[in-house]
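Thanks for coming, everyone; I would like to walk through one model this morning, going region by region. Please have a look at it before I start.

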Amino acid sequence: MCGICGLVFRDPRVQPEVETLRRMAATIRHRGPDDCGVQVLGSAGLGHLRLAIIDLSPAGHQPMANEDNTVWIVFNGEIYNFAALRRELESRHQFRSKTDTEVLIHLYEEEGERMVDRLDGMFAFVIVDLKQQRILLARDPFGIKPLFYALDDRRLVFGSEIKPLLASGEVNRDIDISALNDYFDFDWIPAPKSIFRDVRKLLPAHTMLLDMASWQASFRRYWQPQYRPEEGRSLDSWADEAETVLSTAVRQHMVADVPVGAFLSGGIDSTLVSLYGSQSSEAPLRTFTIDFDDQAFSEAPFARQVANQIHSQAIFRQLPGESVDHLPQLATYYDEPFADASLLPTYAVSREARKEVTVALSGDGGDELFSGYLHHRWANYLSRLDLLPATVSQPLFGMAAKLTPRHLRLHNLFRRMSLSPVLRRLSVVRLPAQAMRSRLLAPEIREPAQQRYWHWNKYHDELAGLPPVTQAQFYDLLLYLPNDMLVKVDRASMAHSLEVRVPMLCRSVAEFAFRIPEETRFESGNEKRVLRHLTARHFGNKLAYRPKQGFGIPLKRWMRQYLATGGQQKIMDSRCYKSGYLDPQGVQQMIKKVNLGANRWVTHHRADELFALLVLIAWWDQYLG
């Protein structure tokens, strides 16, 4: 795994300075501590930080060029089918290393932008083609690896994180107010926006091709999930194929010239990944588990069962409540406000894993592909409202929502029920214009509710013909997974120079998952049916059919402890609180609610809102202070 950055000027007479490129690269040294390289190519400059995984020799140094130095690349990621691609290319190209990076260069020479259609892996790369005077930016199908850019009529700046863009001296720090509204809707900022007005994220499964002569950029979406169910097969048959597909994917992800381990939470996905990882490893697989002193959040007994059965070298660590003190440090790695509280245990387990291995396997993606979330159950329930004509359901439940106090759970439920069928099901993932934004943001920068549906409308037509649970899954894949789950893991792991691989998130597994009919893949109360059935074969029914827990933390207790130890005054003294972007009355009311707790009829206990505010304050101090 690596970090990439670069600066390209439109004017061919202007060259990036080597010192500028080095300054940009230095901000992401944690992503690649093994080597650093910069290269000036006329008006284009490239920077690269290397975490050596395959071919540890100096031959893997980047930026890397083809034989005649007309095509250059900086690459972050792993291509799992690179060996097969290399065999295909060897007769026509001279290879000087054993890296997948060099395969990308020669594949580009033969297929241009269409090269991405051949790749199976996680990647973000930038290619500078001096002969054809064009630049190609590309990101993997699921958005496992990040790629930020800022493009105007004078220059292009890009990087694996936002820090290099800011360090270039070409990008200002003006806040995107719309993105700030998004943050208070979702706890994260959906692509293509970023918290900074001039910085954008390349969408997953997209390429950007920039013509250096005309300075015109074109974008292409090269892959999207397809639902193609195969009827008439038994659950056992699907579980048999799942075993073959997943074990193959994990084996491909084990290829490395450095030690490989696995995250093991005790849940279905990490259990299967650890199982197949242990089968592909000659030595005992090292597994890493984070535990909590609050047993309501602990999955350690199940993780121990799995570790004992697969004979792994298991490492367990407990996460203390003072982990919230790491938020200022974490803000420097995430670059923008990001309030998924499970980033704390993810950061901790990455830290522990890096002490033993350089690569760790993760089970991320299993819930999105195999119908594993509780909100998939809600999508199924809400689909029954489709029997009511929209002319009846929308005004009826819309009126009910208006008459119901906003602080009650029923208010949000009625709002969902009043939406169109597709939006109704998608709303179970996240409900834009939720109460957090309306309570905590200053009224003068708060966007109207009707402007908050762009995230759904963007994919409305694409998802309209799918069955209800599959609709929600596709929305998870397109929005939730790349903007939340994968961001969390990438930044937390790379903070410790740890490469995390996600075997579930490859095209072969996704295409397999969406060949399974929804009625086979999903059963209310028995979500992720195929993978549970497979897990039961190896580990028994007790582990396989227990309720889903997720990678949660005792947030409610931790937030009360924070307030009890002077946290409220810290909030009041913060630059963010005094900036005018927040509603002081709303913040005070939220703090009061966290201290008092909440009964089961109230929307939520507000601890998540306090955590989101603390993240914003920590980020503000780091980037705007």
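**A walk through the model**

Let me begin with Thr535, which is found in helix H22, the helix that covers residues 529–539, and let me say at once that we are looking at a predicted model. Is Thr535 buried or exposed? Its relative accessibility is 0%, and because the cut-off for buried is under 20%, Thr535 counts as buried. If we set aside residues up to four places away in sequence, Thr535 touches Ile268, Thr271 and Leu272, and also Gly540, Leu543 and Ala544.

Which residues is Gly365 in contact with, leaving aside its neighbours within four places in sequence? They are Leu481, Met504 and Leu505.

Turning now to a helix pair, helix H24 (residues 555–573) packs with helix H26 (residues 607–623) at an angle of about 50°, and their axes are 10 Å apart. The angle falls in neither the roughly parallel range, under 35 degrees, nor the roughly perpendicular one, 65 to 115, and H24 and H26 are therefore oblique to each other. The crossing in which H24 passes H26 is left-handed. On the H24 side the contact is made by Leu555, Lys556, Met559, Tyr562, Leu563 and Ile571, while H26 contributes Ala607, Asp608, Leu610, Phe611, Leu613, Leu614 and Ile617. Sorted by class, this contact of H24 with H26 has 11 nonpolar and two charged residues, and no polar ones.

Finally, the sheet. Six strands form an open sheet with antiparallel pairing, and their order is E4-E5-E6-E7-E11-E12. At the edges stand strand E4 (64–65) and strand E12 (216–221), each with a single partner strand, so one side of each is left without a neighbour in the sheet. Within the sheet, strand E7 (residues 134–139) pairs with strand E11 (residues 206–211) in the antiparallel sense, over five bridges, and Ile135 has Leu210 as its bridge partner in E11. Helix H3, residues 100–111, lies across E4, strand E5 (71–79), strand E6 (121–129) and E7, and the helix runs at about 125° to E5.

Notes: Residues numbered from 1 in each chain as written. Predicted model: local features only at pLDDT ≥ 70, side-chain atom pairs only at ≥ 80, totals over all residues. Heavy atoms only, no water. Helix = DSSP H or I, 4+ residues; strand = E, 2+ residues; numbered from the N terminus. Buried < 20%, exposed > 50% of the residue type's maximum accessible area, 1.4 Å probe, protein only. Contact = heavy atoms within 4.5 Å. Axes fitted to C-alpha atoms, helices over the stretch in contact; angles between N-to-C directions. Parallel < 35°, antiparallel > 145°, perpendicular 65-115°, else oblique. Left-handed = near helix turned anticlockwise from the far one by under 90°. Nonpolar A, V, L, I, M, F, W, Y, C, P; charged D, E, K, R; others polar. Pairing = 2+ DSSP bridges.
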